[in-house]
Amino acid sequence: MPEQPIKDKTAIAGIGWTAFSRDSGRTVIDLTCEATLKAADDAGISPHDIDGMVTYFHERDTITPRELTHALQIPEINYSLFNNMGGGWSSAAVLTASLLVHGGICKNVLVFRSANGRSARIARGTERRATGNAQYLLPYGILHAAATFGYRATAHMAKYGTTTIDMAHLAVTQRKHATLNKKAQMRTPITVEDHQNSRWIVYPYRLLDCCLQTDGAVALIVTSAERARDMRHPPVYIMSGVGGEAATRGSWETNAANAAPHLYGGAGITPKDVDVAEIYDPFTLQAMIHMEDYGFVPKGEVGGWVREGKNGLDGETPINTHGGLLSEAYFQGLNHVIEAVQQLRPEGVVDDLCEGPHTYDRTKCRQVRDPKIALTCGEDGGSSLLLRN
Amino acid sequence: MATEYAKILPVPDPDSRAFWDACKQHQLKAQRCSKCGRFRWPPNSVCPGCFSWDFEWVQLSGRGVVESFVVPHDVRAPGFKDEAPYVVAHIVMDGTDGNVRITSNVIGCNWEDVRVGMPVEVTFEDATEDITLHKFKPA
């Protein structure tokens with residue numbers, strides 16, 4: 001696949017986030033404003049310099065770009081997008097911002113994801129109507145994302161012999177990463193036994209295979225590479241991106257297998273060049289199948305790979321260094337992009353337990369050693385990005 | 001009877017009406033393209049292979065194989081809550097060249113006994129006067 005014309009032409013220049021909690025006690029607009037102001041400040045621009053906005057959701061739980069524009073009295077918005085494609089679209093949200101900048105429509109695009117994803121969800125309940133495609137699913141009790149996506153895991157287990165012990169090791173490693181992340185919701189270490197003793201949610205997933213629910217907001221600013229070089233932090237360049245889904249060869253494979261050749265070709269690199277990956281992890285084995293399909297481990301071998309800790313901070317490809325959706329927070333993957341940016345900046349992550357320079361002491365430090373290229377992706381490989389410093 | 005059914009019911013539409021009507025007659029049907037002969041699922045007006053709009057409804061044998069499955073345990077929705085744990089499977093129907101893959105419950109066995117590759121056959125549950133649901137049991 002040829003290199004993409006957008007390669008290295010745009011960059012992520014600012015990142016921001018609120019506290020992550022189970023019950024913020026704040027409105028979603030309030031949370032969004034906080035993350036936006038922090039991202040703008042991190043970039044060294046005024047919030048009034050934002051002239052484009054992109055956000056996404058699944059069950060409508062957030063504010064529109066228009067509401068945010070009004071709340072901050074932003075004088076000029078040249079493009080805004082309110083997209084309901086959910087966690088599969090996380091990296092595509094950033095890619096969209098890149099395209100808007102590269103196309104000359106916008107200068108500084110804000111990408112945000114905000115919700116009272118725990119407290120408002122509990123209040124809202126789960127009433128749904130079985131229309132459209134849902135008429136073939138809801139009457140049979142597909143009521144939870146673990147049921148929607150769990151069939152990939154069962155098929156992978158049957159085809160490759162992957163076990164729930166393998167899945168436990170992924171949960172344990174990501175929790176270990178989260179213990180080194182001050183903003184993570186879950187910072188108490190867990191063991192394989194804890195995982196095996198946790199209750200079934202939807203077989204083959206137990207409680208500790210499943211992601212969190214979170215109140216809060218994350219935001220980032222995409223601008224041109226040229227402008228980014230004059231901003232507060234060295235740029236994190238967007239090398240390539242893909243955002244779309246089609247059929248896969250079987251239940252044991254995700255769309256990442258379709259996306260990978262375009263993504264790597266678009267950047268002119270191979271999976272071996274990726275130093276750190278922030279992979280969509282709504283459920284343990286779903287994340288593991290992504291790891292195979294992006295080429296970090298041969299197909300069918302991810303169980304042993306994870307058992308040996310090759311996804312750890314000093315492993316072959318460090319993955320979900322912040323703890324991921326499983327242990328940091330659930331922002332449908334935009335928190336993964338924030339983490340990739342932190343890892344790629346010269347000063348590294350700012351919210352681990354290191355005081356002063358990074359030590360790589362894994363009781364305090366979650367910074368990966370000198371990463372140059374990072375991969376991020378959304379649910380089922382529905383979108384993905386390659387970033388570099 | 002109709003008022004006692006607590007679970008979510010399908011809302012038929014112009015594409016699916018004939019399918020649900022067949023279920024009421026305890027027949028499992030799928031569309032086959034009149035031009036290229038390809039089966040498709042879920043119901044839709046146009047063939048995804050040759051893009052012909054001509055099709056016929058064909059009664060399937062009702063037999064298929066479990067391609068994969070999940071077992072919801074933690075369920076709060078009315079009706080489903082009392083049945084959990086229950087099996088929801090992807091079932092590839094025999095004689096459709098793999099093009100009809102139906103999501104449904106496998107009933108009549110313990111969830112621990114369900115396996116990928118297990119043969120199953122259709123059975124029908126009259127949920128209300130208007131709606132009959134296709135389900136599957138071990139063949």
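I begin with a definition: two strands pair if DSSP finds at least two bridges between them. Helices (H or I, at least four residues) and strands (E, at least two) are themselves DSSP runs, numbered from the N terminus. With that in hand, strand 7 of chain B and strand 8 (residues 132-138) of chain B pair in the antiparallel sense over seven bridges.

Two remarks on conventions. Residues are numbered from 1 along each chain as its sequence is written, while chains are lettered from A and ligands numbered from 1 in the order in which they are written. The model is predicted, and local features need pLDDT of at least 70, side-chain atom pairs count only at pLDDT 80 or more, and totals for chains, interfaces and linings use all residues.

Let me stay with chain B. Strands 7 and 8 of chain B form a hairpin, with five residues between them. B:Asp126 stands opposite B:Thr132 in strand 8. Strand 7 (residues 119-126) of chain B also pairs with strand 4 of chain B, again antiparallel, over three bridges. There, B:Gly64 has B:Val120 in strand 7 as its bridge partner.

Chain B also holds an open sheet of three strands in the order 2-1-3, with antiparallel pairing. Which strands stand at the edges? They are strand 2 (39-40) and strand 3 (55-59) of chain B; each has a single partner strand, so one side of each is left without a neighbour in the sheet. Strand 1 (residues 29-33) of chain B meets strand 2 over two bridges, and B:Arg32 stands opposite B:Phe39 in strand 2.

I turn now to chain A, which has 13 helices and 11 strands. Its radius of gyration, taken over C-alpha atoms, is 19 Å, close to the 21 Å that the globule rule (2.2 Å times the number of residues to the power 0.38) gives for 389 residues, so chain A is as compact as a globular protein of that length. Buried residues make up 58% of the 389 residues in chain A. A residue is buried if 20 or more other C-beta atoms, placed from the backbone, lie within 10 Å of its own; it is exposed if 12 or fewer do, and partly exposed in between.

Within chain A, helix 6 (residues 164-178) and helix 10 (residues 284-293) pack at an angle of about 90°, with their axes 9 Å apart. Axes are lines fitted to C-alpha atoms, for helices over the stretch in contact, and angles run from 0 to 180 degrees between N-to-C directions. Among the residues that meet there are A:Met167 in helix 6 and A:Met288 in helix 10.

Finally, how do the two chains meet? In all, 27 residues of chain A are in contact (C-beta atoms, placed from the backbone, within 7 Å) with 27 residues of chain B. Helix 5 (145-160) of chain A supplies the largest share of the side of chain A that touches chain B, six residues. Strand 5 (200-203) of chain A supplies at least two residues of that side. A:Val202 stands opposite B:Pro72 in strand 4 of chain B.

Terms used:
Contact = placed C-beta atoms within 7 Å.
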